Amino acid sequence: TRPDFLVLNHSLKYLPTLAQGRILAPSRTAVALWGHAVSYNSNHHAWVSYAKLKSARIASWYFSYTQAGASTMSASGFPAERITVVNNTLDTDALSRELAAVTPFKIDAFRSSQSLTEGHTALFLGGVDDAKGFDFLIDVTRNAARIDPAFRMIIAGTGSRIDKARELARQDFGLIVLGRVDGASKAAALRSSEVLCIPSGIGLVAVDALFAGLGIVSRDDRTHGPEIDYLPKISLTAMPPDVSAAEFSRRLVARMLDGELAGEVAIASRAPAANFTIEGMVERFVEGVIAWGLSLQ
């Protein structure tokens, strides 16, 4: 038997699945798509975006990660009244609890265990791989340590370059590698840092930044996911894609040491953070499914 409703991931990585959806669409099965709406890939942005917009024709409803994606879909001709913005997020209830549980004593203990100096720590959180700008991150760390001898870059995550990161950390130029973190360990790293440094590929780390009240320093290199739109303007320092590691480091250190700006970012993060709870995302999805079903009657 065929399902009455089918929700497919709107990604060109799943072309066979999308093709199957096209086969099912003329039957009694209603097809919806869930995804970014457009590609943020710098190398193939134009044709990938075109292909994704064309492939959306199989759907009678669209669940968009963000409002920006919904606007792109409607501008391409997809009916705006058949789009639900879900605000893709992670388990922010757990994140909030873990962050609240990090007391000043725990921050001091974490900083002591990692030889951190208050006011001089940047955090990389995410996949430790080339897609996130690993080599550039290492160059930035070396340069930042020359500018500020107390500077430390924490790498929290895992990936294809994690072994190289651990090898480099032994060279003692301000690099600290935690490996995979979650729960309490992730919260401690966030609370003990002044800023997030994500050279490329900002995704759901934007939600971490909002709930921790931290700014992000990055490059405007079109590798970012749609979640970058969640960040208030004051929270994001985005430099040109061809910025040198030396200039990036200079601005990273300046931002890290700007306590007044850090306070303003923390305040600016509170209101938007409330829009990205997992409960809110589920409620919007359910409302969208109901509206989708009613539209087919």
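Me: Two strands pair if DSSP finds at least two bridges between them. In this predicted model, what makes strands S8 and S9 a pair?

Reply: Strand S8 (residues 195-197) and S9 are joined by two bridges in the parallel sense. The requirement is at least two bridges, so the strands count as paired. Cys 197 stands opposite Val 217 in S9. The chain runs from S8 through helix H9 (residues 205-212) to S9, a right-handed β-α-β crossover.

Me: What makes S9 and S10 a pair?

Reply: Four bridges connect S9 and strand S10 (residues 236-239), in the parallel sense. At least two are needed, so these strands pair as well. Ile 216 has Leu 236 as its bridge partner in S10.

Me: Why is the pair of Tyr 62 and Phe 78 called edge-to-face?

Reply: The ring centres lie 6.1 Å from each other, with 70 degrees between the planes. Rings pair if their centres are within 6.5 Å, and planes over 60 degrees apart count as edge-to-face, so the name applies.

Me: Why does Tyr 62 count as buried?

Reply: Its relative accessibility is 0%. Buried means under 20%, so Tyr 62 qualifies. Phe 78, at 9%, is therefore buried too.

Me: Why is the pair of Phe 136 and Phe 248 said to tie together parts of the chain?

Reply: Phe 136 lies in helix H6 (residues 134-147) and Phe 248 in helix H10 (residues 245-256), so the pair links parts 112 residues apart in sequence.

Me: What makes Arg 219 a charge over the ring of Phe 136?

Reply: The charged end of Arg 219 sits over that ring, 4.0 Å from its centre.

Note on methods. Residues are numbered from 1 along each chain as its sequence is written. This is a predicted model: local features need pLDDT of at least 70, side-chain atom pairs count only at pLDDT 80 or more; totals for chains, interfaces and linings use all residues. Side-chain values use heavy atoms; hydrogens and water are left out. A crossover is right-handed if, with the strands pointing away from the viewer, the path from the first strand over the helix to the second runs clockwise. Rings of Phe, Tyr and Trp (its six-membered ring) pair if their centres lie within 6.5 Å; planes under 30 degrees apart count as stacked, over 60 as edge-to-face and the rest as tilted. Buried means under 20% relative accessible area, exposed over 50%, partly exposed in between (1.4 Å probe, protein chains only). A charge sits over a ring if NZ of Lys or CZ of Arg is within 6 Å of the ring centre and within 35 degrees of the ring normal.
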